Amino acid sequence: MPPRSDETRFGRRRGIGVDTQAWCTMSEQPSRTRRRLLQTLGAAGLGALAGCASLDGPSQDGDTPSITSKTPPADPADYEATVRAASGTVQPGGDLASETWVYNDQFPGPELRAKAGDVVAFELQNELPAETTIHWHGVPVANEMDGVPQVTQQPVAGGESFTYKFRAEPPGTYFYHSHVGLQLDRGLFGPLIIEESDPHVEYDREYTIVLDDYLTREPQPLFGEDSFGSGGMMGTQRPPYAGLLVNGRSAADPAVFDVREGERVRLRFINASSATLFQVQLGGHPMTVSHADGRPVDPVTVDGFQFGSGERYDTILEATNPGTWEIRATPLNGSEPPARAAITYDGVEPSSPVGPSQSNNLLSYGDLRARSPLSGVSGNPDRTFDLSLSPGGPSGQWLIDGQAYPEADPLQIRSGEHVRVRMTNQSPVPHPMHLHGHFFQVGDAVKDTVVVPGHMGQETFDFVADNPGDWLFHCHNLYHLEAGMARVIEYVD
Ligand SMILES: [Cu+2]
């Protein structure tokens with residue numbers, strides 16, 4: 001890996017003077033060169049850029065209003081919690097115990113819950129022998145709270161702490177995780193729930209169901225001189241996992257969710273895996289999808305759904321079929337046995353869970369209708385990016401439009417713009433693409449992560465540039481991210 005922390009504006013090369021006049025002249029240079037210069041110059045260079053940047057496209061004196069950068073709330077926190085990253089032992093069941101890195105000695109990390117509108121303050125205490133950060137996946141926080149090393153903050157050194165403060169909104173099902181290297185795949189993740197005051201679906205109880213792909217050894221990057229030769233393109237997609245887990249439990253000692261006959265149960269499914277596309281189904285029950293990536297949708301009843309790393313679906317279970325039933329999450333891009341958990345009805349004799357039958361009605365993005373579509377994304381966009389997703393480079397990197405992060409041009413936008421991103425997947429494997437800091441409209445759904453299928457699959461999303469800052473846009477397969485599949489989306493006004 002290149003030594004990223006030495007190359008960035010949050011890096012260690014401080015104290016280089018910036019001649020603003022010279023910088024404005026430099027801004028005429030190709031943007032990749034500018035980016036490198038900027039990275040070398042450090043934070044001062046950014047300020048200079050803000051004063052003189054020019055780029056093609058709609059100008060600021062057009063009809064795109066300028067939008068002020070979001071800042072963390074000044075109000076005192078309504079809810080505070082400490083999230084301590086440290087080594088710990090996890091025991092998912094069977095022979096899967098390992099010593100790894102976790103939050104608050106729990107695996108997954110503790111469920112953080114807040115009410116919509118609360119000011120929350122989460123103190124990350126880093127007791128790891130490495131730098132770390134926390135990213136609040138899906139929550140449009142102020143840029144400086146987004147937890148992306150070298151893009152939004154200096155990583156937090158071992159022995160140090162950092163408090164993330166933001167307003168918990170909008171309500172939804174989210175998760176939080178380390179955004180440093182492959183740390184998420186060690187176990188540094190947990191659910192984050194922002195409660196609705198007035199949900200559009202009724203339910204009597206709820207459970208959070210976190211799906212994960214689990215290693216018993218330290219994760220290693222899959223790219224490098226040998227990866228293409230040894231495994232081909234598929235070999236660079238994901239490591240062989242020791243098991244697939246529900247809430248940190250393997251099928252040998254599964255998580256069990258109790259329900260009562262007649263109840264409506266909200267199940268919040270989070271794909272917190274590092275590289276696994278899952279198909280999720282229940283034994284004995286259809287699933288009514290009520291939220292996609294935390295955003296409310298018109299309820300749609302299906303036999304199951306597929307989702308990629310970083311996606312979330314909330315579903316309502318109508319408990320009308322007493323028994324013991326299986327929740328099954330089958331990997332679609334791996335050969336491990338499915339992740340399994342059980343739903344048991346109160347008062348029913350324990351028995352082995354009955355699995356789902358063949359499904360012929362799986363959710364597709366076209367089934368999703370957001371209750372509150374994004375405003376500002378109808379009509380023609382102010383700016384369109386056509387991006388190919390492909391493998392490439394001599395060492396098996398993963399590219400967005402031919403470039404591997406961090407040696408990649410930022411995608412430059414202006415505040416207030418309606419931006420369209422069209423992606424074509426020139427590889428055989430799916431890519432769950434995630435945009436930080438914004439929701440986007442994909443078809444009639446509002447999401448923050450969308451899977452672009454393999455073999456020339458295409459997806460298009462639209463968003464409004466309403467949260468100024470530098471934001472990461474990347475594949476949420478960590479091994480692809482680590483191999484370059486990311487770009488910075490940069491506001492230049
Ligand atoms: Cu990918």
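Mentor: One term before we start. A nonpolar core is a set of buried Ala, Val, Leu, Ile, Met, Phe, Trp, Tyr and Cys residues joined through side-chain atoms within 4.5 Å. Also, this is a predicted model.

Trainee: Okay. Which residues touch the most other members in the largest nonpolar core?
Mentor: Phe269, Phe461 and Phe473 do. That core has 65 residues.

Trainee: And which strand gives the most to this core?
Mentor: Strand S19, residues 339-345. It gives four residues.

Trainee: Where does this core lie?
Mentor: Domain 3 (205-367) and domain 4 (373-493) both give residues to it, so it lies between them.

Trainee: Why would such residues be buried together?
Mentor: In soluble globular proteins, nonpolar side chains tend to do that.

Trainee: Back to Phe269. What is it in contact with, leaving aside neighbours within four places in sequence?
Mentor: Its contacts include Ile209, Val280, Leu282, Met287, Phe305 and Phe307. Glu311 and Arg312 are also among them.

Trainee: What lies apart from that core?
Mentor: Another core, of 28 residues. Ala114, Phe122, Ala168 and Tyr176 are among them.

Trainee: New topic. How many cavities of 30 Å³ or more turn up in the whole structure?
Mentor: Three. The largest cavity holds about 70 Å³ of space.

Trainee: What lines the largest cavity?
Mentor: Gln237, Thr276, Asn333, Pro430 and Asn477 are among the lining residues. The lining divides into five nonpolar, six polar and no charged residues.

Trainee: And where does the largest cavity lie?
Mentor: Domain 3 and domain 4 both give residues to its lining, so the cavity lies between them.

Terms used. Residues numbered from 1 in each chain as written. Predicted model: local features only at pLDDT ≥ 70, side-chain atom pairs only at ≥ 80, totals over all residues. Heavy atoms only, no water. Buried < 20%, exposed > 50% of the residue type's maximum accessible area, 1.4 Å probe, protein only. Helix = DSSP H or I, 4+ residues; strand = E, 2+ residues; numbered from the N terminus. Domains from an automatic or database assignment. Contact = heavy atoms within 4.5 Å. 1 Å grid on protein atoms, 1.4 Å probe; cavity = no way out; pocket = protein on both sides within 12 Å on 5 of 7 lines; lining within 4 Å. Points joined across faces, edges and corners; volume = space filled by probe spheres on them. Nonpolar A, V, L, I, M, F, W, Y, C, P; charged D, E, K, R; others polar.
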